[in-house]
Amino acid sequence: MKPYYITTAIDYTNAPPHIGHAYEKVLADAMARFQRLNGREVYFLTGVDQHGQKVQKSAEKAGQTPQDFVDGVTAHFTALWDKLNVRYDGWAATTDIKHKRVVQAMLQKLHDCGQLYKKSYAGFYSVRQEQFLTDKERGPDGQYGEEWGEVVELQEENWYFRLSEHVEWLKNLIRGNPDFIYPPHRANDVLNSLEGAAQDLCISRPIERLSWGIPLPFDEKFVNYVWFDALVNYVSFAGYLAGEVGNEGLPEFEKIWPADAHVIGKDILVPAHAVYWPIMLHALGFPDHQIPKLIVHGWWNVKGAKMSKSLGNVIDPNVLSDTFTPDGLRYYLMRDIATGYDADFSDERIIMSYNKELAGGLGNLLNRSINMAQKYRAGVLTPGDYDDEINQALRQTVAEALPLYLEKMNGWDIHEGIAAAWKIVTHANAFVDSTKPFSLAKDPAQAARLDSVLYHLAEALTHVSVLLNPIMPTAMVTARAQIGWELPQGFKISDLKWGLLPSGHQLGAPVPLFPRLEIAEEK
């Protein structure tokens, strides 16, 4: 089977990361971990977008060279991914010489086949978004909205890509491939954006106005503008044209392409990823079946409003990670949003998810299960022959969780995948309440039943530790250490069967997995 190739948007290095960045990378990391656990070889690529006018201006303002400036900002991103246990296989930095070689080779190919041309253009230009605007971007009042920032009238000569020649092809691709964009309703947004006269795409800036970029190989007076730089990372770091341009140490492109999932935010679906990117690939000769799939996630809002530095409502994931642990934050981000839709960040909700669900639900279940086994049986499990309907019901819940979990995770319903695993946690906690091991321990005649109850709890927790591994990898390793069981080499989710723990298995020492937090309420 082809390796599972998953990417994220590369983050623009003009400001440190916020919770939206953290969500996207954790989402991709959770899927990458799930696919590995599901038996797939995985190549996970993420990185940073380091060129552009905003970076050049920010560097000048900071009194630094652009490279020093982006290196400093990039360090904030890599430190956060390390803290949140985001384990990528490839790192895309657009200042990397390997990337520059591929960008220039692609541009040369398009130039040679007549897909690029030079012309003079006069129009309105958004300094913030670094793009020329058309009448489609005007609001009902005829003005350009505040999202465009400073808008200036500009006339200059530039190079253009014949985007308009491929728009009909793209419409047919979208209509004929319902799995091209997830969630499916986003495809309508793309088709709506393609209505009206198609425009060609400006792909350069004069070097006297923007020097921080990749020079065009056929015209040294211009540098490449964002799209043929940033978007190309998905193929340049996957080994595209590696032999032709002399790149080494990259994956074998023919082995991993196309990407199974480009994970992006809804704000960069149109036009960048759903219009420019597939058309760029099509113009280069990529067949329809090699156009990558788009996984489009929503935003984390704060009290219904999009996070913005100007509003002062940007959420720092470093602070949350320090408070709720990296895995506590990962759990909240994956549990409280449906992939493809928006969610509202809530202090109350993240506190409840940690204290009630993680500390009070899963953590307490693990702690008291091991504590009882240690207290009553010196931590040694003996399943024995005792059985009853209460035991059977728990085993059934464990068995039914797996197919539901696989279905939901494969379908990008990560929050529902977690819910499928959590049914075991809920049932196991109720199982303790109904079987009352502490009472059974007082009656020698109930010894066989107590052995069975303690075994069922440890076995159920072992299954939970596997299912939740993609979401909370560090905590689940810790949980398995307390259970005294490690994931065997090559173990797959499909290998989950009742009886993972043998008779005579020795449990480890109980340590609170998620210590309860006492957080003072703001007055």
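I started with the cysteines: the sulfur of C202 lies 18 Å from the closest cysteine sulfur, in C113, and that is too far for a bond. The cut-off I used for a disulfide is a pair of cysteine sulfur atoms within 2.5 Å. By that rule I count zero disulfides, and C113 is in none.

A note on what I'm looking at: this is a predicted model, where local features need pLDDT of at least 70, side-chain atom pairs count only at pLDDT 80 or more, and totals for chains, interfaces and linings use all residues. Residues are numbered from 1 along each chain as its sequence is written, and side-chain values use heavy atoms, with hydrogens and water left out.

C202 is buried at 10%, while C113 is partly exposed at 47%.

Then I went to the strands, which are DSSP runs of E, at least two residues long, numbered from the N terminus. Two of them pair if DSSP finds at least two bridges between them.

Strand 5 (residues 116–126) runs antiparallel to strand 7 (residues 151–161), joined by eleven bridges. I found S126 opposite V151 there. Strand 5 also has three bridges to strand 6 (residues 131–133), again antiparallel, and Y125 has F132 as its bridge partner. Four residues sit between the strands of that hairpin, and E130 has a positive phi near 55 degrees.

Last, I looked at an open antiparallel sheet of three strands, in the order 10-12-11.

Definitions and conventions:
Buried means under 20% relative accessible area, exposed over 50%, partly exposed in between (1.4 Å probe, protein chains only).
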